[in-house]
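Welcome! Please take a moment with the sequence and the fold before reading on.

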Amino acid sequence: MADVHSRVRPIRRPLLVSFSGIDGAGKSTQIDNLRSQLAAAGYRTCLRAFWDNVVVLSRYREGFVHKVYKSERGIGAPGKPVARRDKNVRKWYLTLMRHALYLLDAMRLLWVVMRARRSRAEVIIMDRYIYDEWANLPLGNPLSRFYIRLVHGLVPHPDIAYLLDADPEAAHRRKPEYPVDFMRECRQSYRRLADLLGTMTTIPPLPLEQAKMSVEGAMRVMLGDEIGSTAAVQRMQHPAEHLPAA
């Protein structure tokens with residue numbers, strides 16, 4: 001375990017960090033790496049999955065798409081594709097329903113983040129965020145953009161909102177669940193959403209180790225500003241040097 005007593009002073013308030021991006025962008029990999037780096041540096045983290053911990057009536061919503069649209073169950077993997085039919089079904093009545101459901105999810109998000117901030121965690125990490133839902137909306141529609149701006153003023157703003165940009169073809173090879181053409185559309189939606197919000201930290205498509213360095217670099221800047229010391233920055237850069245002897 002890292003030496004938590006080596007820290008100059010604790011973080012004044014829990015940091016909120018979110019990861020967003022198309023399926024197969026590498027969110028789980030980056031989250032696992034960042035949590036490991038933070039733990040080695042002596043920071044307590046907690047992880048919340050948006051679908052499991054935030055989404056309202058998630059079981060019924062999932063059951064609906066399986067029953068009505070014959071969406072396959074499971075998670076796609078190389079050599080084991082899964083034909084998902086949920087967010088890629090773009091009927092007008094589903095778009096209206098999404099606006100309503102996403103508002104309920106935003107309200108629950110307030111409660112989930114509030115509870116997490118009362119825990120002992122110093123960094124709250126969200127595996128997906130409300131932003132991933134908004135990327136499913138027709139962002140070319142001015143009413144949808146107005147809706148997003150309105151709700152954006154209500155939900156907690158992450159201290160770092162990572163957008164993991166990814167090549168759709170490469171992401172599809174890692175996680176074959178949706179058609180590549182649809183994943184290209186999703187990528188453009190995320191980029192458009194990032195421009196609309198102006199608060200997301202985009203990690204461009206990079207080799208894995210370089211992407212990790214970019215994610216860690218944004219966190220080092222945040223921690224340095226937050227605790228006002230170079231010691232924490234050095235621990236993030238060289239975490240192995242701060243592990244106690246076996």
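Predicted model: local features only at pLDDT ≥ 70, side-chain atom pairs only at ≥ 80, totals over all residues.

Residues are numbered from 1 along each chain as its sequence is written, and side-chain values use heavy atoms, with hydrogens and water left out.

Let us begin with the sheet. Five strands build an open sheet with parallel pairing, in the order β2-β3-β1-β4-β5. At its edges lie β2 and β5, each pairing on one side only. From one strand to the next, the twist averages 20 degrees. Strands here are DSSP runs of E with at least two residues, helices are runs of H or I with at least four, and both are numbered from the N terminus; two strands pair if DSSP finds at least two bridges between them. β2 and β3 run parallel and are joined by five bridges, and Leu-47 has Ile-125 in β3 as its bridge partner.

| Element | Residues |
|---|---|
| β2 | residues 45–49 |
| β3 | residues 123–127 |
| β5 | residues 200–203 |

Next comes helix α1 (residues 27–40), whose 14 residues reach 20 Å from the first C-alpha to the last. Its buried residues (under 20% relative accessible area, 1.4 Å probe, protein chains only) include Ile-31, Leu-34 and Leu-38. After α1 comes Gly-42, with a positive phi near 95 degrees.

Finally, Leu-103 lies in helix α4 (residues 92–117).

Methods:
Expected span 1.5 Å × (residues − 1). Buried < 20%, exposed > 50% of the residue type's maximum accessible area, 1.4 Å probe, protein only. Axes fitted to C-alpha atoms, helices over the stretch in contact; angles between N-to-C directions.
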